[in-house]
Amino acid sequence: MAGIDKAAIVFSIAIALIGVGIAVAGEAAYNAPTITAPAESTPKVSTETSEPKAQADPFASIAEKVKDAPKVAMDEVKEEVEEISEEAMDIVDDVGSVIIEEVEEITSGPVTHTVDIPVGTAVPGCEETNACYEPADITINAGDTVNWINIDTAAHTVTGGSPADGPSGVFDSSLVMADAEYAFTFNDAGNYDYFCMVHPWMVGTVTVN
Ligand SMILES: [Cu+2]
């Protein structure tokens, strides 16, 4: 019995050892990737060492500066060009507006201004808003013409003077029928009051410079 027991114990130990051996071998096999992991990091170390080597290169920083220098210079040039072009455009605008003004002065001779005789002025009310002629007060230059257009259905007059003082004799349209017009050219500077002889609440002024 004892011999068998010993044999059994040895056998079981042997099995246990084999088991441990397999376990160790398995662990070793399992740990194999972790062993390779440091092996993978080894190249990292090698790259790390290569980077300081690149930084240690005194020409590297100079090369970078030289590389950036044209970019910085180009940005500055671009900004200057933009500023100059903006200034140039302002000058062109100024010169253009001066030329336009001069051309307008040269080409613009006497101007004809339009004054409407509005609808409904045959009855009082328009005088409350100074709207019996539209515009009732107008400023023009000597030599300009004012053209009154009667858009009302009633006949009206454009008569120099005032309801209080009567006609001045400077200009008088006599009756302007519906849809008819009356024009007068003012060659002399001054203030000219006028009114409608049919409807004395209708008054207006022409200021000639
Ligand atoms: Cu009138």
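A: Strand E4 (residues 159-162) and strand E5 (residues 166-172) pair in the antiparallel sense over three bridges. Two strands count as paired if DSSP finds at least two bridges between them. Strands are DSSP runs (E, at least two residues), numbered from the N terminus. A hairpin joins E4 to E5 through three residues.

Q: Which residue stands opposite Gly161 in E5?

A: Pro167 stands there.

Q: Before we go on, what kind of model is this, and how are residues numbered?

A: This is a predicted model: local features need pLDDT of at least 70, side-chain atom pairs count only at pLDDT 80 or more, and totals for chains, interfaces and linings use all residues. Residues are numbered from 1 along each chain as its sequence is written.

Q: Which other strand do two bridges join to E4?

A: Strand E7 (residues 190-195). E4 and E7 run antiparallel. Look at Gly160: Tyr194 in E7 stands opposite.

Q: How do I read the order of the three-stranded sheet?

A: Follow the pairing from strand to strand. Here the order is E1-E3-E6, in an open sheet with mixed pairing. The edge strands are E1 (112-117) and E6 (181-185), and each pairs on one side only. Neighbouring strands of this sheet are turned by 20° against each other on average, direction ignored. For such angles, axes are lines fitted to C-alpha atoms, and angles run from 0 to 180 degrees between N-to-C directions.

Q: In which sense do E3 and E6 pair, and over how many bridges?

A: Strand E3 (residues 145-150) pairs with E6 in the antiparallel sense, over five bridges.

Q: What is the phi of Asn130, and where is Asn130 found?

A: Phi is positive, about 55°, although Asn130 is not a glycine. Asn130 is found in the loop between E1 and E2. Asn130 is partly exposed, with 14 other C-beta atoms within 10 Å. The cut-offs: buried means 20 or more other C-beta atoms within 10 Å of the residue's own, exposed means 12 or fewer, and partly exposed is in between; C-beta atoms are placed from the backbone.

Q: Is Asp179 buried or exposed?

A: Exposed, because Asp179 has 10 C-beta neighbours inside 10 Å. Asp179 lies in the loop between E5 and E6. Asp179 is not a glycine, yet has a positive phi of about 70°.

Conventions. Helix = DSSP H or I, 4+ residues; strand = E, 2+ residues; numbered from the N terminus.
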